[in-house]
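Dear colleague,

I am passing on the structure below for you to look at alongside this message. My notes on what was found in it follow directly after.

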Amino acid sequence: MYIPLYFKENNSYKKNKNIIVLFLLLSIIISHNQKNIKVCLCVIAKNENLYIKEFVEYYKNIGYNKIFIYDNNEQNGENFVDVIKDYIIIGFVEIIHFKNINSNSTPQLEAYKDCYYKNNKIFNWLSFFDVDEYLELNKKYKNVKYFLTDKKFKNCKNIKINWLFYFDKNKLYYENKTLQERIKVFKYDDPVNSHIKSIVRGGLSTNYWKEAKDPHTSLLNVTSCSSSGKIIEFDSPFNKPPDYTNAKLKHYCYKSFEEYCLKLKKGRADCNKNKGKEILYNTLKGLYVQIKNNSEKLKIFNRLFNDSTFINISL
C-alpha cells in the first residue's frame, strides 16, 4: 500500500497527516514488541563480592529482565546475599547453588547447560557471560532489547559477541571504584579479542548442547551471527577479525596485579580440576619469570602463593 507523504490542495502541497499517525502507530508497535521480549543472563561466579553489585546493576540498566548466578563459592566462603540481597528480594537475581560438583566436569559449561535447559522456554534470549564481561552496545540501541529485535538478527539463533580486552598492568592493588572508572586501557589488536561469548535464542532444542565443547562454543549446528548480523562459523570459539559493529564485550580480565593473582588462585571454571591445576602451574611459572625482577609484584606473588596448596614456582 502506498501512502503519499504530501498531497496537492489549491495549487500547493500539504503534508499528509495520516502518514504521521501511521509512523506513530508503527513506533508504538515496535516499542511494544521490544518490551514484550524477555532477556536473561547466565553466569557462574566465585569470590566476586567486590564486583557483583556493579555487574548486576549494569545489566539491569541496559534492559535485562533477570540474572541467574550459579554460586561456585567455597562452602564457608563468600556469600552473594551479603552484597546483592535487594536484587534477590525483588526477583531480578536468582542464586543457584553450584558447589562441590563433579571434579571431572567443566563447571562453567555445566552451569550454562543447566541455565538453558531450565529457562529457554521462558526467555526469548539468554546471554552467557562472566562477571568480568560487560556488554557495550552501539549507541543507536536504547537497550539490549532494541539490539536483539534488530531485523538483522531475524534468522539468527546465536549472536557471538567479540571480547575487547581491558587491562592496566601498571596497577598493583584493588581500588574502590567501578571498573568503568578504574580501567580505561584497551587494545584493539590483542589476539585474545578473537574470543567470543554468546547470546542464544530461547526455544531451541536442548540437543544442540550435548556436544558443546567449551564455554566459548555454547551451541553447535545453529545459525550464528556476529554483532553486525553477518553469518559466521557456528562451531568455533573465535570470530576473526573481531566484529564490533553493533556490540562488544568489554573483558576486564586484568584489573590489577593483586586481583589477577587472586583470580588465578581461585581456579578455573572452564575446565575440569586436573586440567585447571596443570594450566595454573604453567601460568604461574610464566608469570614468575615476568615479575621476578619487580620487587613490588614479587612481594604480592609470594604472599598469595606461598602456601602448601601450591608448588614453589621460584625453585
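**The disulfide and its surroundings**

The torsion about the S-S bond of Cys42 and Cys115 is about -70°, so the disulfide (a pair of cysteine sulfur atoms within 2.5 Å) is left-handed. This pair joins distant parts of the chain, with Cys42 in strand E3 and Cys115 in helix H4, 73 residues apart; helices (H or I, at least four residues) and strands (E, at least two) are DSSP runs numbered from the N terminus. The sulfur atoms of Cys42 and Cys115 lie 2.0 Å apart, and the structure holds one disulfide.

Please bear in mind that this is a predicted model, in which local features need pLDDT of at least 70 and side-chain atom pairs count only at pLDDT 80 or more, while totals for chains, interfaces and linings use all residues. Residues are numbered from 1 along each chain as its sequence is written, and side-chain values use heavy atoms, with hydrogens and water left out.

Cys42 and Cys115 are both buried, where buried means under 20% relative accessible area, exposed over 50%, and partly exposed in between (1.4 Å probe, protein chains only). Ten of the 13 residues of H4 are buried, so this helix is largely enclosed by the rest of the structure; its buried residues, which include Cys115 and Tyr116, pack against strands E3 (39-45), E4 (66-71), E6 (125-128) and E9 (196-201), contact meaning heavy atoms within 4.5 Å.

Turning to the backbone, Asn47 has a positive phi of about 55° although it is not a glycine, and the peptide bond from Lys240 to Pro241 is cis, with omega near -15°.

With best regards
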